[in-house]
Amino acid sequence: MEKTFNLVRREDGIAVLTIDVPGETMNTLRTEFGPEITEILAEIKADNSIKGLVLASAKKDCFVAGADISMLDACTSVEDAKALSQQGHRVFNELEAMSIPVVAAIDGVCLGGGLELALACHQRVCSQNSKTMMGVPEVQLGLLPGGGGTQRLPRLVGITTALDMMLTGKQIRPKQALKMGLVDDVVPESILLATAVEMALKGKRVPKKVKKSLLNKLLEGTSFGRNIIFDQAGKQVQQKTQGNYPAPAKIIDCVRQGMAKGKTTGLEVEASHFAELVMSTESAALRSIFFATTEMKRETGAGDVVPRKVNKVMVLGGGLMGGGIASVTTSKAKIPARVKDISEQGLSNALSYAYKLLDKGVKRRHMTPSARDNIMSLMTTTTEYKGIKDADIVVEAVFEDLNLKHQMVKDVERECGENTIFASNTSSLPISQIAEAATRPENIIGLHYFSPVEKMPLVEVIAHKKTSPETIATVVAFARKQGKTPIVVQDGAGFYVNRILALYMNEAAQLLLEGQSVDHLDKALVKFGFPVGPMTLLDEVGIDVGAKISPILAAELGERFKAPAAFDKLLGDDRKGRKNGKGFYLYGKKSNKKAKRVDESVYKLLGLTPGTSTPGELADIAERCVVQMLNEAVRCLEEGIIASPRDGDIGAIFGIGFPPFLGGPFHYIDTLGAGVLVAKLETYQAKHGDRFAACDKLKQMAETNQRFFD
């Protein structure tokens, strides 16, 4: 068996222990490494000629990327999971207890268990490599740092900083790491090993005292002050998670107990909490998302077809979407983008939008001004079809008007090469209708981004019947280069995400008309786990946009998509939402910075007297909206709009913020049971009509007790 750890003794008495997991691009920690590392540490202890130890990696741009997540799925009980954490504790305690100085030389990714390994060393030095990142992102998988991180990190960088790192999972860059005391030095890559060796030769040193703000000094210095920190963190976590995620509260408890009762007790608490979280449904759901997205990165969306290389992109339309698409093309994919708009104003908007996004990076010192300017130079503009003959992909982001889109298709076919792909960022028009104007329909595809483009991770790649597999593969690869998670969906009004969202939003509007207040509707769905409520979302997206999409969906998919007539009244009063400062909530001077205030005049306009809801009713409100979304998601699978339940889950989580701790609509239906969902739908159908009729596939699954996932 190939070894993972390689020990080399140098003439100066320093030994270098190199980590290199065979056959992998990244180093990850696994259970089976335990005996190997224990043996090596025993060998080092027995050798008196070794005066110091340096830990380094043989992988490029990766120290250790964390523990291998699949180990967790192999745990069948809390005891199994606890044993994993305790094994990590044993090895790291042994490393920390070495009588010789131990230095970690960090180059590249150093996350989770990788950072915990580095924390068990006596000193740390990292490279200035732009790929060097440190962090404990376990919370994003519904877990906590289970290799001693909850104990060593607060003692090294202070309680407040450590909690911030563990509760957010944020990644720390080298300069920041040095400032907070996470590392002792930052040096160029070329002298990293030499610096680590030099540090080891100097012998063990007492860690430098971390510079804390006066407030943190006062708070962290006494048990009373520490309790204030933990209580505040607990309140903030509750507000943010609505109690839906157990990991943050357990992280706070590990630190609290460890600081009060000592490291040994802290590690025991950490192992117990870690084990409970590994076996929790929330972590299982979050890990399923991690595995799904990892699996999707290896897929082309079109089988074995090889994507074509994309060297140049053109974006039609310089509005918010066009500017955002051009920006991620240049900044993330590093591909030149030419923006075309009919007005100079549109072009300058697109340029300033992209510049502002990059300039944020300069202000935060993540990027140099020259790097920003180099990326900006990849974006050019034009008001005519010039300099686009060689565009490989044209992304159209103009108004939702079929005639206008037909004109664009004809223009692109006339001006560009015969292999140029025409990708439409339509949110509701079927791609086959757009392709009717094309002489090369195989090059026409949908590429549906979500707003704001730079923040939303999902894109829907929409193939119509004549789209070629090569076009699909090329667009999927292109979207991935832009930093997106693409899902391939089949053509049809609303595609997948907007289709399941439309029924959810319509149901929220029905509840409003039945007398539910705007803020109670929003509160109910935030409590359920959505990032924002439906009324806030409608204000953000634009009430006019919602009103425009509804008739298209109703015409193509039937009566259940018919939006309540209230939309007409809202638009008649010129209520478009945040964009014109007039919607369900108050904006501008009338708004409250701390908490949004409902624009009470909306009730009078709709002829309503809003009621108040009890907590029990809030759960019913959420259920009514959510079951509509679940039913429609299954219908999309039934019709072949989405290829698999996995794609449906990823689409809903990344596209509309379906609660990640539930694993997506299909995982959630498995948790509920198809029979339970059908019974709920039938109850609502009897009360509110056929828009709640369960789709055939759901009924069939309920009868045979089927699940989407094993």
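How much area do domain 2 and domain 3 bury between them? They bury about 1300 Å², 65% of it on carbon and sulfur atoms. Buried area here is the accessible area (1.4 Å probe) that two parts lose on being put together, summed over both. Before the close-ups, keep in mind that this is a predicted model, where local features need pLDDT of at least 70, side-chain atom pairs count only at pLDDT 80 or more, and totals for chains, interfaces and linings use all residues. Residues are numbered from 1 along each chain as its sequence is written, and side-chain values use heavy atoms, with hydrogens and water left out.

**View 1. Where domain 2 meets domain 3.** The protein is divided into domain 1 (5–279), domain 2 (313–491) and domain 3 (497–704), with bounds that come from an automatic or database domain assignment. The C-alpha centres of domain 2 and domain 3 lie 29 Å apart. Across the boundary, 17 residues of domain 2 are in contact with 13 residues of domain 3 (contact means heavy atoms within 4.5 Å). On the domain 2 side, Ser428, Leu458 and Ile487 lose the most area to domain 3, together 30% of what that side buries.

**View 2. What the domain 2 side is made of.** Two elements give two or more residues to the touching side of domain 2: strand 16 (458–463) and strand 17 (485–490). Strand 17 gives the most, with five residues. (Strands are DSSP runs of E, at least two residues, and helices are runs of H or I, at least four, numbered from the N terminus.) That side divides into nine nonpolar, six polar and two charged residues. Ala, Val, Leu, Ile, Met, Phe, Trp, Tyr, Cys and Pro count as nonpolar, Asp, Glu, Lys and Arg as charged, and the others, Gly among them, as polar.

**View 3. Asp47 reaches Arg9.** These two form a salt bridge, with the closest N and O atoms 2.7 Å apart (a side-chain nitrogen of Lys or Arg within 4 Å of a carboxyl oxygen of Asp or Glu). Asp47 sits in the loop between helix 1 and strand 3 (52–57) and Arg9 in strand 1, so the pair ties together parts 38 residues apart in sequence.

**View 4. A cis peptide bond at Pro452.** Most peptide bonds are trans. The one from Ser451 to Pro452 is cis, though, with omega near -10 degrees. Pro452 lies in the loop between strand 15 (444–449) and strand 16.
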